[in-house]
Amino acid sequence: MSVRVRFAPSPTGFLHIGGARTALFNWLYARHLGGAFVLRIEDTDAARNTPEAVEVILSGLRWLGLDWDEGPQTGNPAGPSLGRNGPYFQSQRSANYRQRVEELKAKGLAYESDGTVKFRMPRETMLIPDLVVGDVKRELTDREAVDPDFVIVRSDGQPVFHLVNVVDDLEMGITHVIRGEDHLANTAKHIALFRAFGAEPPKYAHIPLILNPDGTKMSKRDQGASLMTYRDEGYAPEAVVNYLMLLGWSPKDDRQILPLAEVIQMFDLPQILRHNARFDLAKLQWINYEYLRTMPIDRYCELGRSMLQRHGVFLSGYDPGYVRAAFSTCRDKVKLLADLPLFSDFYFQTDIALPAEAREKDFHPENKERLVKLRTALAGLVVFDAAQVEAAIKSMATQLGVKAGVLVHPTRLACTGKTVGPSLYHLMEVLGKERVLHRLDWALK
RNA sequence: GACCCUAUCGUCUAGCGGUUAGGACACUGCCCUUUCACGGCGGUAACAGGGGUUCAAUUCCCCUUAGGGUCGCCA
């Protein structure tokens, strides 16, 4: 039988970074085995469910590149979906749950109590086989020893998570449940439910959780818990995926940057580590930088354009070749795409404003005299490329008996309005002679 | 309170009885250098503690400690 896994998030309005990793591991396992990756929306809690909240999940998964074989295509519960095992919204499956509850009641395995329906949980130690953790013997807790039965239908008629989760996994033919370790203790309930339906439970794989840097549980409110903040701050999705897969899984050969295709080949459940991992932003940033500087330049431009746009810098009026050249000079200086506007916006401005203190420090009369001479030299260049510009500046410095830095610093300020940025010579080449001379004139006024 | 999981540098990890305990991030020294970076060559840094088993434990077992999770008419 072919493998079927699922990611079953609840639409809370955002996609948790830990949920994203759970989705990733499910996806990886499905792709590794050529199985199906099912997306199911657990929207039983009507109060906080909106189509928008579902869209957040869908767009998060799409952003990461985790495509699903079955599941909704939009946030609309009644909308289009992929696959023949739907509906994929629990809010659309009430009839299934009702029928299953009747089945349990008919078998004497569920009963009514205080307006609810409770499941008759076996009063015994349960063995939970787990592909990651191994066999777990789950004894009854003190409270369960008193009464192990649990509610499966609320007094308002709504079915509870444990019930719907099991019914859906059963009816959707899920073979492997890969989920966070926070569900491990609950699994005894789920196994009992499967058996009550006369079905064999799926294989379980409980993966460790992602903790905050200080080792506490990462909850919704914690900094960095939402996947989308990484997109907004300019992380490349391929880098986020790479980082996430390294939390609890390792290629065991010391590599940190791994092609996804290769990971799909290697990935398997038993090698997943059993202990929780702390989220390390510095490592993510490093990985992100590695991707940023090695990805195809067109991909880089795509990410860069949308980042600048979000910062109010519009590039539609500029030649694509110019934009590409401009971004190229920033590539190995910018670690986070969010910093790209700071490094590149001067390429897309007509007038450069000099900081007030720079006027006094770098454009005092003596320096202005030198810069006028440099301006003349630059104006005389036939080929205005980085090598020629560098040669011109250095020879002018020699001629004036000063260090190159004396000319370099003010020239950078005149061209970019900033003290940091791409390599000066290269940035001047990209700007072109005309813009450079114009900016020097402007600064020397 | 009960139950469950876990434990190698600060962090992510390699290790599956005998290793100078390896790599990466971070930190840091030097070099390179037009800013900022990159890069190159180094450095600091770990087997939580205590018992066993064994000729030999980071590795296997037990206990303690610590961290995390679960015991809902949340999911």
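A residue counts as exposed when its relative accessible area is over 50%, and as buried when that value is under 20%. D114, at 77%, is therefore exposed. The model is predicted. Chain A is divided by its domain assignment into domain 1 (94-207), domain 2 (297-349) and domain 3 (356-444). RNA strand B is surrounded by 65 residues.

**Domains and distances**

- Domain 1 and domain 3 have C-alpha centres 73 Å apart.
- E55 belongs to helix α2, which covers residues 51-64. Its relative accessibility is 32%, so E55 counts as partly exposed.
- From E55 to K445 the sequence separation is 390 residues, and the C-alpha atoms are 54 Å apart.
- S226 sits in the loop between β12 (210-211) and α7 (227-232). S226 counts as buried because its relative accessibility is 16%.
- Between S226 and V166 there are 27 Å in space, C-alpha to C-alpha, and the two are 60 residues apart in sequence.

**The surface near RNA strand B**

- The closest residues to RNA strand B are R154, K217, G248, K333 and Y425.
- By class, this surface holds 26 charged, 21 nonpolar and 18 polar residues.
- Sugar or phosphate accounts for 73% of the RNA strand B atoms within 4 Å of the protein, and bases make up the rest.
- R143 has a polar side-chain atom 3.3 Å from a phosphate oxygen of RNA strand B.
- E181 places a polar side-chain atom 3.0 Å from a sugar or linking oxygen of RNA strand B.
- S423 uses its backbone: a polar atom there is 3.3 Å from a base oxygen of RNA strand B.
- Elements giving two or more residues to this surface include β8 (136-138), α4 (142-146), α5 (161-171), α17 (404-416) and α18 (424-431). β13 and α10 are also among them.
- Helix α10 supplies the largest share, five residues.

**Aromatic pairs and charges over rings**

- The whole structure has 14 aromatic pairs.
- One of them joins Y243 and F279 edge-to-face, with 5.2 Å between centres and 80° between the planes.
- Y243 is in helix α8 (237-245), while F279 is in the loop between β13 (277-278) and α10 (281-294), so their pair ties together parts 36 residues apart in sequence.
- Y243 and F279 are both buried.
- One aromatic cluster consists of Y300, Y318, Y322, F327, F346, Y347 and F348.
- R331 lies over the face of Y300, 5.2 Å from the ring centre.
- K335 has its charged end over the ring of Y289, at 5.5 Å from the centre of that ring.

**Backbone exceptions**

- Most peptide bonds are trans, and most residues other than glycine have a negative phi.
- G86 and P87 are joined by a cis peptide bond, with omega about 0°. P87 is placed in the loop between β4 (81-82) and α3 (94-106).
- D114 has a positive phi, near 55°, and is not glycine. It is found in the loop between β5 (110-113) and β6 (116-119).
- D254 also has a positive phi, near 75°. D254 lies in the loop between α8 and α9 (260-266). Its relative accessible area is 71%, so D254 is exposed.

Technical notes
Residues are numbered from 1 along each chain as its sequence is written. Chains are lettered from A and ligands numbered from 1 in the order in which they are written. This is a predicted model: local features need pLDDT of at least 70, side-chain atom pairs count only at pLDDT 80 or more; totals for chains, interfaces and linings use all residues. Side-chain values use heavy atoms; hydrogens and water are left out. Rings of Phe, Tyr and Trp (its six-membered ring) pair if their centres lie within 6.5 Å; planes under 30 degrees apart count as stacked, over 60 as edge-to-face and the rest as tilted. Helices (H or I, at least four residues) and strands (E, at least two) are DSSP runs, numbered from the N terminus. Buried means under 20% relative accessible area, exposed over 50%, partly exposed in between (1.4 Å probe, protein chains only). A charge sits over a ring if NZ of Lys or CZ of Arg is within 6 Å of the ring centre and within 35 degrees of the ring normal. A residue is near a molecule or strand if one of its heavy atoms lies within 4 Å of it. A polar contact is a pair of N or O atoms within 3.5 Å; within protein, one must be able to donate a hydrogen and the other to accept it, and residues adjacent in sequence count only if both atoms are side-chain atoms. Ala, Val, Leu, Ile, Met, Phe, Trp, Tyr, Cys and Pro count as nonpolar, Asp, Glu, Lys and Arg as charged, and the others, Gly among them, as polar. Domain bounds come from an automatic or database domain assignment.
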